[in-house]
Amino acid sequence: MKIDVCFSPALYPVYHNPEAIVVVVDIFRATTTMAAAFGNGVRSIRPVATVEEAQAYKAKGWLVGAERNVKRCEFADFGNSPFDYTLEKVSGKDIVFTTTNGTRAITSVLQRIYMAFINLHAVAGYCLAYKRDVVVLCSGWQDKVNMEDTLFGGALTDILVNTGLYGTGSDAAVIARDMWTNN
């Protein structure tokens, strides 16, 4: 099996593998915020790519988390900080969520799991249990590479390669792993 790291959603078409587990990463902050919300009992999160989609859900009565360029959208109930999604506010609730980079990456693939450093080992375990190729899709920043998502891709690559069951799929996975192990 192979693990690969796609540094940006703009590159995803060349990394697309319909049989692979796609791990979407937006460390600062979408996937970390989503992990925190689930940790506080949110029932579901529906990621959407655009502000307009989020506004349409808000008009139907949904709770909405929405951010653009690090600022909470005026119509939103929540922004893109894990601290917004407290147990008291989200437990048992369904939320629509849109962000500048993360939800665009999430909605670009059909089958995916979301990644944050707080659930790194759980996601590695999932990948190992399902024994399929893995593509780490880094959300980046405005279609550019960013360090935190790449480091996470390197951390997951390191864990999976160290099992002996995975090899690196391209130089991108090697670069991300080297970045992780050297920093």
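This is a short chat about a predicted model of one chain.

Q: How many helices and strands does the chain have?
A: The chain has eight helices and nine strands.

Q: What is its radius of gyration, next to that of a compact globule?
A: The chain has 16 Å, and a compact globule of 183 residues would come out near 16 Å, so the two agree. Along the principal axes, the C-alpha atoms fill a box of roughly 50 × 30 × 30 Å.

Q: And how much of the chain is buried?
A: Buried residues make up 48% of the 183 residues.

Q: Switching to helix H3, which residues are buried there?
A: Val-51, Ala-54 and Tyr-57 are the buried residues of H3, which covers residues 51–59.

Q: Why are those on the same side of H3?
A: Because they cover an arc of only 120° around the axis.

Q: What do the buried residues of H3 pack against?
A: Three strands: S3 (44–47), S4 (63–68) and S6 (94–98).

Q: Which exposed residues are on the face turned away?
A: Glu-52 and Ala-59.

Q: What happens just after H3?
A: Gly-61 takes a positive phi there, of about 100°.

Q: New topic: what volume does the largest pocket have?
A: About 230 Å³.

Q: Which residues lie nearest its centre?
A: Phe-28, Arg-29, Glu-67, Val-70 and Asn-80, out of 17 residues that line the largest pocket.

Q: How does that lining divide into nonpolar, polar and charged?
A: The lining of the largest pocket has three nonpolar, eight polar and six charged residues.

Technical notes:
Residues are numbered from 1 along each chain as its sequence is written. This is a predicted model: local features need pLDDT of at least 70, side-chain atom pairs count only at pLDDT 80 or more; totals for chains, interfaces and linings use all residues. Side-chain values use heavy atoms; hydrogens and water are left out. Buried means under 20% relative accessible area, exposed over 50%, partly exposed in between (1.4 Å probe, protein chains only). Helices (H or I, at least four residues) and strands (E, at least two) are DSSP runs, numbered from the N terminus. The arc is that of the directions from the helix axis to the C-beta atoms. Contact means heavy atoms within 4.5 Å. On a 1 Å grid over the protein atoms alone, a cavity is a set of points where a 1.4 Å probe fits but cannot get out, and a pocket is an open set with protein on both sides within 12 Å along at least five of seven lines; lining residues have an atom within 4 Å of a point. Grid points are joined across faces, edges and corners, and a volume is the space filled by probe spheres set on the points. Ala, Val, Leu, Ile, Met, Phe, Trp, Tyr, Cys and Pro count as nonpolar, Asp, Glu, Lys and Arg as charged, and the others, Gly among them, as polar. The radius of gyration is taken over C-alpha atoms; the globule rule is 2.2 Å times the number of residues to the power 0.38.
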